[in-house]
Structures are given as C-alpha cells and as structure tokens.
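Dear colleague,

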Amino acid sequence: MSEAKAGQPRIRVRDLVKSYNRLTVLKGIDLDAEEGSVVTLIGSSGSGKSTLLRCLNLLEIPDSGDIAIDGETLHFDGRKRAGGVDPRQIRRVRSSLGMVFQNFALWSHMTILENVIAAPVHVLGVPREQAVERAHALLRRVGIGDKHACFPVQLSGGQQQRAAIARALAIEPKALLFDEPTSALDPELVSEVLRVIRDLAEGGITMVLVTHELRFAREVSSRVIFLHQGVIGETGPPDQVLRDPQTEACRRFVRSEFGTRMSSVEE
Amino acid sequence: MSFNLDVFLTPLFSLVFMKAALITVALAVAAHAGAILISVPMALGLNSGRRLIRAMIRVYVGVFRAIPTLLWMLFFWNAMPQFSPIFRESWYTPFMAAWIALVVNEAAYQVEINRAALNAVDRAQIQAATAFGFHPLQIFRLVTLPQAARIALPPTVNEFITLLKATSLASVISLQELMTVTNQAVATTFQFQEYYAVAALYYLVIVTVLTLFQSRLERRFDWTTERKAGRGLMRLLGGRAR
C-alpha cells in the first residue's frame, strides 16, 4: 500500500457521466474521499448510487470524466473502447480497491481461505505462504478464524459477508467499496456485519459505502452524499444531511427510510 | 444348444479380448478427450457475440448430429483416401479413422453440454473476480472452468457411456475392438451365446466401473453441500489452492 500523496484524496472523481443506451444514470458527479474517511452514498433505487460505486473500480466504464485513485488519474472518453483506458491500467485500479458485494459473491468452489488468498496470489503475486498467513489473520479479525477450511455454502450469510470483507482487505486496498453490504442479510445477521465495518472505519480505512442503513451511516460516515436522479442532491456531514436535510427530495427520502428501516447496530 | 461355460471363460480371460477391450476404452477416451478439447472453444464461440461464429457452429452441430455415426465411420475410412493421398499413408489406420469420426461427431453433442454449463456459472462470482483485477484468462481458469466442469460432469459421463458403446460401430471398418473380435469369433465357431455374453460382460464391467468413478468424482468436487471437497479440482486445473 503506497502512502497517499499529500493533499490528494484517496479517491477523486470529477464530472463523471455514465449512461446506458439513452438513459443517463450519472450526470456529472464529483466525489472526494480523503484518506481514512468514510463516504456514504444514499438515495432511492435508480438514483445512481450503485452505478457510481461500480464506476469507481471500473466494473462500469464511465462515458466521460476523471477518476483518480491515490493520484493515478484515469480520463474517460466513452466513444473509445474501454473508455480509451489501457486494460492493464483498469486491472491495476481494480486490484487496488476492495469491493464487497450485496450478495457476497464468494467463489463457491473455493474454501474461505482460498477465497481470501486468490487475489493476492494470482493478481498481486504475493508469495503463497505470506498470503495464507495474512489471510488467517484477517479471518480472525472479522471473527471467523475457525472457518478457513469451510466452503461458502457452509457459512451463514453474515459469516459469508465477513469472509467477503476479509477477501477485500487481503489485497491491502487503498479503499474499500461496499455495495449495500447488508441488504441481502437476514435482519438478525445485519449487526455482526455492521460491527466489522464500523471497526474498519475506526481503524482508519478509507471507505465508500452504499447503504440503506441510515442510522449506521450517521454513526460511521465522515460525509454523506445524497444522490437524486443522477446528480448530487445534497452532501455534507451525516448529522446535517440525515437530521436536517436542506432539500425537499432528501428530506422525503430520509423520512421514508427512517420510517421503514429500523435495524441498525445494537448497543 | 446349451451354454458352454468353457467357451465362455476361455475368451473372457484371453489376451485377444483383453486387448480388444483396451482398444475400445482407448478409442472412447481419446475420442472424448478430442471432442471436449474442440467443443470448449466452440461453446465459448456460441456464447460470444459474433453472429457469424455462432452461425458456423450451429451449422456444424446441425450437420454432425443429423448424420449417423456409422456413416461418418465409413466416410472417414473409405472416402477420405479418395480426397487426398495423405489418407492413403500408413498412419491412417482404422483406429485413426474411427477416432476422427467419433471426435467430430461427439463434439457436436458435447458443445451443448459445455455451453449450458458455462452459462450456469454464477455471473456475480465472475464479476467479483473482475472487480479484484483478475485477467479474463485467469477468471476463466480459476472461476469459470472449475465451476462449469462440475456442472458438466454428470451429462459428460453420460455422453462418454454412449460414446463407449458407439466405438462398436468401428467394427465395420475392421478396427480390432471388442465387437469386431466378437464377430470374428462367432463367424468361425457359431457359439453365439458364449461370445456375445463375453462382449456384453466386458461392456457391463467397463460402464459399471465408470459409473462408480463418476459418483466418486461428483462427491469429491461437491462444494454445494456441507462436505469438505473441491481441492482435487483446484489442483487438477493448476489453481494450486490449498
């Protein structure tokens, strides 16, 4: 992991545009995630928050705009193949960001340990012994140190998601990207995953988080971005955006979310 | 006429029949290996966006599935030498002709199995590998192929059993496999019951052993139930995961 260059955020996005066919999903987004900060993206479905997250590690190639990860800038021109960016550079950016998916997406034919060491060994070229040692430490850190020999199917949803977080941490990412990490979980399993995410946030890992858990967002976020119809509707500290929204759209969203979703971390 | 046990047992343990059984198994294994080798790229082609490639593979499958294997055997053995002198040379044995006929024929069936298996692999897991920066070839080798292979295993073994029995068609081009040897013995002795029973027993044993092997393999590579397995496949495919 390289040190962030002074004065540069870990992730900097400028004027990002993404459309599918004729539908423009992101209409010029700016985003900065400083080192050690937690940026939370909220918004109703179709607001573009997941698309924005997927653009960050280039699972979606933006039409135009700039994405800089730790100072390495990618400029996109959607008229060209792969946005005019070298596939090797795309893979390098991807391997520097740890992604956690809504549905875990662990590799079902690999044990938990194999899942965690796969990217370090095959993508980053870390020696196997070193990767294994580190993987065991990470699995202990997320509380499933004894599950390393299990296959994903043998674990509960909460355990699988924690394994997925360990997998994302194993590449020593410059930032972690969470795409609704608790949305597929049974309510009683949500808190164990949120606790791990909170520990990581307090440990100073840079994060971009897409979530509907607004109470949790208020607790861990450095900044909340409310996306509305492909643009940033509102942004600011969590207490401001979530308690005292300035725009009508955000106010309506926050009210409806707090009304329907009560689950959060216990304590 | 009663069943003569001696006439049954003598060929059963004879070198001639054992060698014939070996040729049968060798032909089936070599043909299926060849068929899988060319049908995997064909399956990938069918899944690709290129319309021309898809159309070409569709035509191939259509042609080779429509025409009987027996005709292909006769064609490759009798007609190919008329096309080119290459097929008049000594390397072009009945085994080679039968092998080519079975490969091109079997590939047409195997391609559908492969295509279905490749399509059944969880897209989210492929996307996860993409998100971690794996090269597309690594994704294929480490994620897609092992999972597709597991899905394709039962129907593939099924195909192999059919293929094993189809090798008996090579008796028309005088390849010295089980059926040919049986026919030759019957033609001189007229001991139909005994020699047919020998051939039947050989096929039965081969397929039974194969079926047992299949269920062992399926258990071994089962990562969808709570059993510790899967490592064998990773090693097999060079994944070297521990």
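**What was found**

In this predicted model, Thr69(B) touches Leu102(B), Asn105(B) and Leu169(B), leaving aside residues up to four places away in sequence. Thr69(B) belongs to helix α4 of chain B, which covers residues 69-83, and with a relative accessible area of 16% this threonine falls under the 20% limit and therefore counts as buried.

Turning to the two chains, 31 residues of chain A are in contact with 32 residues of chain B. Together the chains bury about 2,800 Å², with 60% of that area on carbon and sulfur atoms. On the side of chain A, Trp107(A), His109(A) and His122(A) lose the most area to chain B, and together they account for 23% of what that side buries. Five elements of chain A, namely α2 (87-94), β6 (97-100), α3 (112-122), α4 (128-141) and α5 (157-169), each supply at least two residues of the side that touches chain B, and α3(A) gives the most, with four residues. By residue type, that side of chain A divides into 16 nonpolar, eight polar and seven charged residues.

Within chain A, the domain assignment gives domain 1 (1-96 + 177-262) and domain 2 (106-172), and the centres of these two domains, taken over C-alpha atoms, are separated by 24 Å. The contact takes 14 residues from domain 1 of chain A and 14 residues from domain 2 of chain A. The area buried between the two domains of chain A is about 1,100 Å², of which carbon and sulfur atoms give 70%. Across this domain interface the rule finds one salt bridge, and the count of residue pairs in polar contact is three, again with both residues at pLDDT 80 or more. Helix α6 of chain A (residues 187-202) gives the most to the side of domain 1 that touches domain 2, with six residues, and that side as a whole divides into 10 nonpolar, two polar and two charged residues.

As for charged pairs, a search of the whole structure finds 17 salt bridges over all chains. One of the pairs is Lys174(A) with Asp70(A), whose side chains meet at 3.7 Å, N to O. Lys174(A) lies in the loop between α5 and β7 (175-179) of chain A and Asp70(A) in the loop between β4 (64-69) and β5 (72-77), so this pair ties together parts that are 104 residues apart in sequence. Both Lys174(A) and Asp70(A) are buried.

Glu172(A) forms a salt bridge with Arg134(A), their closest N and O atoms being 3.4 Å apart. This pair also links distant parts of the chain, with Glu172(A) in the loop between α5 and β7 and Arg134(A) in helix α4 of chain A, 38 residues apart. Glu172(A) is partly exposed, at a relative accessible area of 33%, and Arg134(A) is partly exposed, at 33%.

The side chains of Arg162(A) and Glu192(A) meet in a salt bridge at 2.9 Å, N to O.

With best regards

Definitions and conventions. Residues are numbered from 1 along each chain as its sequence is written. Chains are lettered from A and ligands numbered from 1 in the order in which they are written. Side-chain values use heavy atoms; hydrogens and water are left out. Buried means under 20% relative accessible area, exposed over 50%, partly exposed in between (1.4 Å probe, protein chains only). Contact means heavy atoms within 4.5 Å. Buried area is the accessible area (1.4 Å probe) that two parts lose on being put together, summed over both. Ala, Val, Leu, Ile, Met, Phe, Trp, Tyr, Cys and Pro count as nonpolar, Asp, Glu, Lys and Arg as charged, and the others, Gly among them, as polar. Domain bounds come from an automatic or database domain assignment. A salt bridge is a side-chain nitrogen of Lys or Arg within 4 Å of a carboxyl oxygen of Asp or Glu. A polar contact is a pair of N or O atoms within 3.5 Å; within protein, one must be able to donate a hydrogen and the other to accept it, and residues adjacent in sequence count only if both atoms are side-chain atoms.
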